[in-house]
Amino acid sequence: MTHTNRNTQGLSQQEVLAARAVHGFNRQHYKKEATVLRLLRETVTEPMFILLAIAALIYFITGNRNDGLFMTGAIVFVSAISVFQDYRSRSAIAALRQLTRPRSKVIRDGITQEISSEEIVPGDIMIIEEGSSVPADGVIIQSNDFSVNESILTGESLSVFKSESDANNQVYQGTLVAGGLAICQVTAIGNETSLGKIGGALLAIEEEKTPLQRQINNFVKKMAVVGIIVFLIVWGINYFQSRDVFDSLLKALTLAMSILPEEIPVAFTTFMALGAWRLMKMGIIVKQTKTVETLGSASVICVDKTGTITENRMRLISLFVWGEEKFANPHNVISDDAKRLIRIGMWASEPIPFDPMELELHDSYRLLFVNDERPHYKMIHEYPLGGRPPMMTHIFEEKDGGRRVIAAKGAPEAIMEVSGLTADEKAAIAARVNELAKKGYRVLGAAEAIHAGNEFPKQQQQFNFTFKGLLAFYDPPKPNINALFNAFNDAGIDVKIITGDNMATTQTIAMQTEFRNADKIIDGEALHVLSDEELVKKVNDIAVFTRMYPEAKLRVINALKATGKIVAMTGDGVNDGPALKSAHIGIAMGKKGSEIAKQASSLILVDDDLSKMVDAVAMGRKIYSNLKKAIQYIISIHIPIILTVFIPLALGWVYPNIFTPVHVIFLELIMGPTCSIIYENEPIEKNMMLQKPREFTNTFFNWQELTTSITQGLMITAGILFIYQYAVWLGCTENSTRTLVFLTLISANVFLTLVNRSFYYSILETSRYPNNLVMLIIFLTLLLTGLFILVQPLAMLFRFELPGIASLLMAICTGFISVIWFEVVKYAKRKKVSSGQAVQ
């Protein structure tokens, strides 16, 4: 685009810096609670923090200074872990937000450039076009058939046409460009825009919690209620037995700490946030962390043909001039009529093309015509792409008011319908279209009209067009597309093609890529006559949907959802917005996707590479599987802690208070890093992408999984209580018994961590998984345990006493046996699979 006046030269770099110094960046600023204060408030209101603080206070009151100091240190350590996990999660989310910030086109120093929307300043010249979001308030200084949807401000869903000559020539931040193009001068940014003045309500909407989040939070709340009830009961029992308020309170607090599974919500937040961060590193931007939860459940993916299955490299490959017998190759010597056909196709394209076909038409025109007419013409009217099937019309006129060009292009059926052809002529052209389409070419019809005067019909179809011919483009399939389809199929994910192209072209491309069920096909008109109920019944059996207009795409997505499918859909155009929004996982293209498509989507493929979706699904499955392992681990290890504290106390065993708050908090410090660090870092299991997608339900665990965790916990409890009674039978002191019980629990914890790395593969197989954090955490656990037993001051703090070597080995072996039995269960699962039986 060439700019001759000062207005469209835009600001200079010095003017930009001066404006930014006065107005700042183009972002909304609202008063929020300071991050430090928020973290402090969240930390001190955590149940575990409160319990630790009470325990520390009691220790100091009763004169147990060392215990009090240890608990104070534990408070600091637990708080530091919470802050660190919060920081990791928020840093990951902040990085995602940075990448999802929209970009805008501006003219500065006479050069069109793309910048972050936040960098726009008042006085900037911004270019806004179909499919983009208006980045700032401004006034139109030049427009071309420009319309904008202002429903975010007015509530009115219909688009409004605007131009520089209208009284209403202003554009507003946050509104969406429905059609055309406008060059505007920015008048307000940030809080000074109309959207900004509304207040923070639109921007401060809290993200809705997912079913899994709600279930986890409800579970933790219920356990907290159980903990309070048990705490009061145990406190009452101990008080009536000892009449010592503080001692009985400490014993009750010990049990309450053991019941509270505060690691679970931390694990969920960490897994989802870091999962989104890992996806970002792979070139997949997840706009909301809850999408990570859904990815592993995706059971069908709907893809466009152009640019997704094909390379989006439109090459003009064949011409059919109406009146000529043979097809013409545009790259050889062609007739004057063939050249005029390309010229009509060029005039029917956007003056500033971005669509690959329109770029090709402009390039072909430039190569064929020495005298370029384009600088001497201006567009005086435009009919945007519309109708079923679609077509578009542009009206250009010489700048001196001379000759006029009315050119149309679109689906051949649409162009034939408006060209006054006889039935026989339409049949002859349709045969030619079919001949080209069977080669996998994308075919456009082109027509021309003559119209005097400046009063144009309301609809483009009302012109008296003359059919000029067909333009055929070839967009070759991507080399890796067949492997991609196979990867989806292996993962149990159905692939469906939804495209605006015609049936013959789409089916040919599908067959060239060996697309499964390419013969199960339907077009938009056939789909239109189906009721919603009929479509729901048939949608799963159809693999290819052609000539799909936006409403039809939305119907297909909703029909798939109605059958219980978790639907992912790719899209890049303005009209894909509703379907992307409706899909469980809307996938926009980072390079060729419109701003509206990106806003409607839930994730963005930075490099437009659909093969990344296989990685995304794998990551989603891995994250969900690892989160499940972490929570099953938490359940399994909490059960023996709770019962080891409760049973000796309730049954009046010889040493009723085998664990104190000091022991429980140490175990909590082990469990937190184990579940949040080790399991989050686990690699994907090798059979994960050969399984069917999991069902997306409100239930995190099925009964089999929950039973497994409870059984593991009870087996560890049995081993610990066996060692307890064994130590008493040997005549061990309370401190020696406590040491053996504690060592059994630590041993079981270490082996449980290793065994539960997979609920299918053996511990020997998982030992080869690349996760160095496993051995690091285990080493630190064993090191600290050894220090607490062997270093006298620490042993006194924990009330440990070193027993005999035989007893120590007995405790370690018992911990091992109480966990390793599950390897037999896993072996039985593998045997069933190898014999062809289904395994849950």
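**A tour from Phe77 to the cores**

Start by selecting Phe77, which is partly exposed at a relative accessible area of 44%. Buried here means under 20% relative accessible area, exposed means over 50%, and partly exposed is in between (1.4 Å probe, protein chains only).

This is a predicted model: local features need pLDDT of at least 70, side-chain atom pairs count only at pLDDT 80 or more, and totals for chains, interfaces and linings use all residues. Residues are numbered from 1 along each chain as its sequence is written, and side-chain values use heavy atoms, with hydrogens and water left out.

Stay on Phe77. It sits in helix H4 (residues 65–100). Helices (H or I, at least four residues) and strands (E, at least two) are DSSP runs, numbered from the N terminus.

Next, select Ser163. Look in the loop between strand E5 (160–162) and strand E6 (170–171). Ser163 counts as buried, at 17% relative accessibility. Leaving aside residues up to four places away in sequence, Ser163 touches Ile140, Ser143 and Asn169. Contact means heavy atoms within 4.5 Å.

Now go to the largest nonpolar core, with 92 residues; Ile301, Phe515 and Met613 touch the most other members. Helix H23 (residues 611–651) supplies the largest share of this core, 17 residues. A nonpolar core is a set of buried Ala, Val, Leu, Ile, Met, Phe, Trp, Tyr and Cys residues joined through side-chain atoms within 4.5 Å.

Zoom in on Ile301. Beyond four places in sequence, its contacts include Phe488, Ala568, Leu610 and Met613.

Last stop: a second, separate core of 25 residues. Select Ile334, Ile344, Leu361 and Ala407, which are among its members.
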